[in-house]
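The following note gathers points on the structure shown below, for a colleague who wishes to inspect it residue by residue.

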Amino acid sequence: MNVGEMQRKLSSWAEQNKEHRFFDLYHLLYDKEWLQLAHDYVKQNAGSKTAGCDGIDMSTFDEELEENLEQLAKELKTQSFEPYPVRRVYIAKANGKLRPLGIPSIRDRIGQEALRMILEPIYEADFDQRSLGFRPNRRTMDAVKYLAVNTIGNQRYYWVVEGDISAYFDTINHKKLMKLIARRVKDRSLLRLIWKFLRAGVMENKLFKDTKSGTPQGGIISPLLANIYLSELDRYMNRNTGLSKNQREYRRRKGEGNIIYARYADDFVVLCNGTKRQAEAFKEELSLFLDEKLKLELSQEKTKITHLNDGFKFLGFNIRRCRGKQGMVTKITIPREAVAKLRDRIRHVTSPGSHRDSVNAKIVALNRIVGGWCRYYQYTSKASSQFKKVGYILFWDMAHWLGRKYRCSIPKVCARYRQDTTFATVCDQRGQTANASR
């Protein structure tokens, strides 16, 4: 089977008929080429080195790859497939709290990936253009720039509703989600498989827990299911954001505010060009919709109403209206906390206790950390000056790390490893180098 061509057809059929319900999809799951490609996608993910509750990682699974994929295909075909519970671990958030992460088994990840490959082309035809999280060819900066662009000139979208849904991934209602999926999919076998994944449960410290709601963060299919669920919010918001220019102007003449909206997974922002009172009224209306229609709770504590002149944070960016050379402008900047967090991470990697690590490994690790951070923030205002500060910290922390490792002075470290404004060391026999840039 030509997987790409089949996905193109699914997308085309979904685009041509928004009311079409797909009924013959399940057989794709156990197609040999479909499963093989799903395996390859899962293997490319760095998380493939991590095992689920069965203790099997990708390298172990691949020792008998053909037999394992055949067994998986057989179980899917006979509908005897039963997912394992996901292994729950906790990772630290920026605020110091712990976030639960669910790790499915390798076989379940392949099954979820095969399922995602079927559903994504269908739902991509339905998702709103302002839904930007966990979707192909979209990124956080698309959401941030969309909001910033709509605050310039005479549009006056100055009041900000910073949306925050309490424990979103843990509180998705399974029955409501299945009803939403069934609007597009009437293949009962496929729906039963989705239900099995939702109800697989979790293993935490060898203790099994049922999953009566939510989708585990870490599951391959979870972001897509979460977007399907919140697409109802997008439709609701479109009643206000989908107005024509004349309709918006008419509302403004009556003294009513218009809104614009962008969502990235469960993070969303609403901008209002009316009064603060109108923004507050819309927040209450939004809270009521989430509660009654989606059984979700809008966090009253975290859902703030802010003026654009005071600035707000969205997806790790700071967005604020301020005076520029040619009047008032909206700037996207790097929050101080983001710089401080990176500085702490660099100092942790170059801590005195790590001086036994190899120089090559240390430089490569630092380049990945700082390089990824800089690429994320490369389109912000004054990015170059912030990058220069980070480079200064990186350079001298690395210099002191090398000094501790070889028990020599900073001048000797610079003489041995410095190349212009970087530190470099030969990385392999082909003469490639790893650089820690300043």
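**Notes on the predicted model**

1. The residues of α12 that lie buried are Ala279, Phe282, Lys283, Leu286, Ser287, Phe289 and Leu290. Because they take up an arc of only 160° around the axis, they fall on the same side of α12. On the face turned away from this buried side, α12 carries the exposed residues Arg277 and Glu292.

2. The length of α12 can be checked against its residue count. This helix runs over residues 276–293, and its 18 residues should span 26 Å at 1.5 Å a residue; the C-alpha atoms at its ends are 26 Å apart, so the two values agree. Just after α12, lysine 295 adopts a positive phi of about 55°.

3. Tryptophan 159 belongs to strand β3. Its relative accessibility is 18%, and buried means under 20%, so tryptophan 159 counts as buried. Leaving aside residues up to four places away in sequence, tryptophan 159 touches Val270, Leu271, Cys272, Gly274, Thr275, Lys276, Ala279, Ile305, Thr306 and His307. One of these, Ala279, is also among the buried residues of α12. By contrast, valine 202 is 43 residues from tryptophan 159 along the chain, and their C-alpha atoms are separated by 41 Å.

4. With 14 residues, α1 reaches 20 Å from its first C-alpha to its last, close to the 20 Å expected at 1.5 Å a residue. Val3, Met6, Leu10 and Ala14 are its buried residues. They lie on the same side of α1, because the arc they cover around the axis is only 70°. In general terms, an α-helix has 3.6 residues a turn, so residues three or four places apart point the same way. The cover over the buried residues of α1 includes α2 (32–44) and α5.

5. Which residues of α1 and α5 meet? From α1 (residues 3–16) and α5 (residues 106–124), they are Val3, Gln7, Leu10, Ser11 and Ala14 on the α1 side, and Met117, Ile118, Pro121 and Ile122 on the α5 side. By class, this contact has seven nonpolar and two polar residues, with no charged residues. The two helices pack at an angle of about 35°, and their axes are 7 Å apart. The crossing of α1 past α5 is right-handed.

6. Alanine 167, in the loop between β3 and α7 (168–171), has a positive phi near 45° although it is not glycine. At 45% relative accessibility, alanine 167 counts as partly exposed. Lysine 382 is placed in the loop between α14 (359–376) and α15 (383–406), and its phi is likewise positive, near 55°. Lysine 382 counts as exposed, at 63% relative accessibility.

7. Some overall values complete the note. The protein has 16 helices and 14 strands, and its C-alpha atoms fill a box of roughly 70 × 65 × 40 Å along the principal axes. Of its 438 residues, 47% are buried. Among contacts between residues at least 6 apart in sequence, 68% join residues at least 24 apart.

Technical notes. Residues numbered from 1 in each chain as written. Predicted model: local features only at pLDDT ≥ 70, side-chain atom pairs only at ≥ 80, totals over all residues. Heavy atoms only, no water. Helix = DSSP H or I, 4+ residues; strand = E, 2+ residues; numbered from the N terminus. Expected span 1.5 Å × (residues − 1). Buried < 20%, exposed > 50% of the residue type's maximum accessible area, 1.4 Å probe, protein only. Arc of directions from axis to C-beta. Axes fitted to C-alpha atoms, helices over the stretch in contact; angles between N-to-C directions. Left-handed = near helix turned anticlockwise from the far one by under 90°. Contact = heavy atoms within 4.5 Å. Nonpolar A, V, L, I, M, F, W, Y, C, P; charged D, E, K, R; others polar.
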